[in-house]
Amino acid sequence: MAFIDEYEFDILENESEKLVIEELGKQLDDYKKTICKCNTCVVDMAAMALNAVKPLYRVSLLGTQYAAQAMNEHSYAKALKDSVTKAIEKVRKNPAHD
C-alpha cells in the first residue's frame with residue numbers, strides 16, 4: 001500500500017485558497033482596466049497570490065475558525081488583498097498566452 005493511501009490527506013485543506021479566490025473575484029469584479037479573464041489567466045492570478053500569502057491549512061472545523069480569525073487580523077487581510085492586487089497586475093502585464 002502506498003503511503004498516500006494509508007492516511008486521510010483529503011481532509012487537509014488550505015483555507016487561504018478559499019480566501020484568495022473570494023478576494024480575486026471581488027477585485028476582478030471591480031477592476032477598471034482591460035484584462036483577460038480566461039481560465040489560464042485567472043488561475044495564474046490565484047496561484048501567484050497564494051504563493052505570496054501565509055497558508056492556513058486545516059484538518060478540522062476548528063481550523064476553519066482559526067482561518068476566519070486570521071482573516072480578521074488586519075495584517076493578514078491586508079497581505080492577502082495586496083497579494084491578489086499584485087498578482088492581477090502581473091498577469092495583466094504578462095499573460096501566459098498571446
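**Burial, salt bridges and aromatic pairs in the predicted model**

Of the 98 residues of the protein chain, 30% count as buried. The model is predicted. Its protein chain contains five helices and two strands, and the order of these elements from the N terminus is α-β-α-α-β-α-α. The C-alpha trace spans about 45 × 35 × 20 Å along its principal axes. Among contacts in the protein chain with a separation of 6 or more, 78% are between residues 24 or more positions apart. The protein chain exposes about 6,900 Å², of which carbon and sulfur atoms supply 55%.

Helix H5 has 20 residues and covers residues 74-93. From its first C-alpha to its last, H5 reaches 29 Å, close to the 28 Å expected at 1.5 Å a residue. The buried residues of this helix are Tyr76, Ala77, Leu80, Ser83, Val84, Ala87, Ile88, Glu89 and Val91. Val84 has a relative accessibility of 1% and therefore counts as buried. Leaving aside residues up to four places away in sequence, Val84 touches Val20, Glu23, Leu24, Gln27 and Ala49. The C-alpha atoms of Val84 and Leu28 are 9.7 Å apart in space, while the two residues are 56 apart in sequence.

Side chains of opposite charge can pair when their charged atoms come close. The structure holds eight salt bridges. One of them joins the side chains of Glu13 and Arg58, at 3.9 Å from N to O. Glu13 belongs to strand E1 (residues 13-14) and Arg58 to strand E2 (residues 57-58), so this pair ties together parts that are 45 residues apart in sequence. Glu13 is partly exposed at 29% relative accessibility, whereas Arg58 is buried, with a relative accessible area of 16%.

A salt bridge of 3.5 Å, N to O, is also present between the side chains of Glu15 and Lys18. Both residues lie in helix H2 (residues 15-30), where they are three residues apart, about one turn of the helix. Glu15 is buried, with a relative accessible area of 8%, and Lys18 is partly exposed, with 41%. Glu13, Glu15, Lys18 and Arg58 are linked in a network of salt bridges.

The side chains of Glu89 and Lys33 also meet in a salt bridge, at 3.8 Å from N to O. This pair links distant parts of the chain, with Glu89 in helix H5 and Lys33 in the loop between H2 and helix H3 (39-52), 56 residues apart. Glu89 is among the buried residues of H5; Lys33, at 47% relative accessibility, counts as partly exposed.

A search of the whole structure finds three aromatic pairs. One of these, formed by Phe3 and Tyr7, is tilted, with 5.2 Å centre to centre and 50° between the planes. Tyr7 also pairs with Phe9 in an edge-to-face arrangement, at 6.0 Å centre to centre and 65° between the planes.

Phe3 is found in helix H1 (residues 3-6) and is exposed, with a relative accessible area of 55%. Tyr7 is partly exposed at 47%, as is Phe9 at 37%. A nonpolar surface patch of about 840 Å² is made by Phe3, Ile4, Tyr7, Phe9, Ile11, Leu12, Tyr57 and Val59.

Technical notes
Residues numbered from 1 in each chain as written. Predicted model: local features only at pLDDT ≥ 70, side-chain atom pairs only at ≥ 80, totals over all residues. Heavy atoms only, no water. Phe/Tyr/Trp six-rings, centres within 6.5 Å; stacked < 30°, edge-to-face > 60°. Buried < 20%, exposed > 50% of the residue type's maximum accessible area, 1.4 Å probe, protein only. Helix = DSSP H or I, 4+ residues; strand = E, 2+ residues; numbered from the N terminus. Contact = heavy atoms within 4.5 Å. Patch = residues over 30% accessible without salt bridge, like charges linked within 9 Å, V, L, I, M, F, W, Y side chains within 5 Å. Areas by Shrake-Rupley, 256 points an atom, 1.4 Å probe, with all protein chains shown as cover. Salt bridge = Lys/Arg side-chain N within 4 Å of Asp/Glu carboxyl O. Expected span 1.5 Å × (residues − 1).
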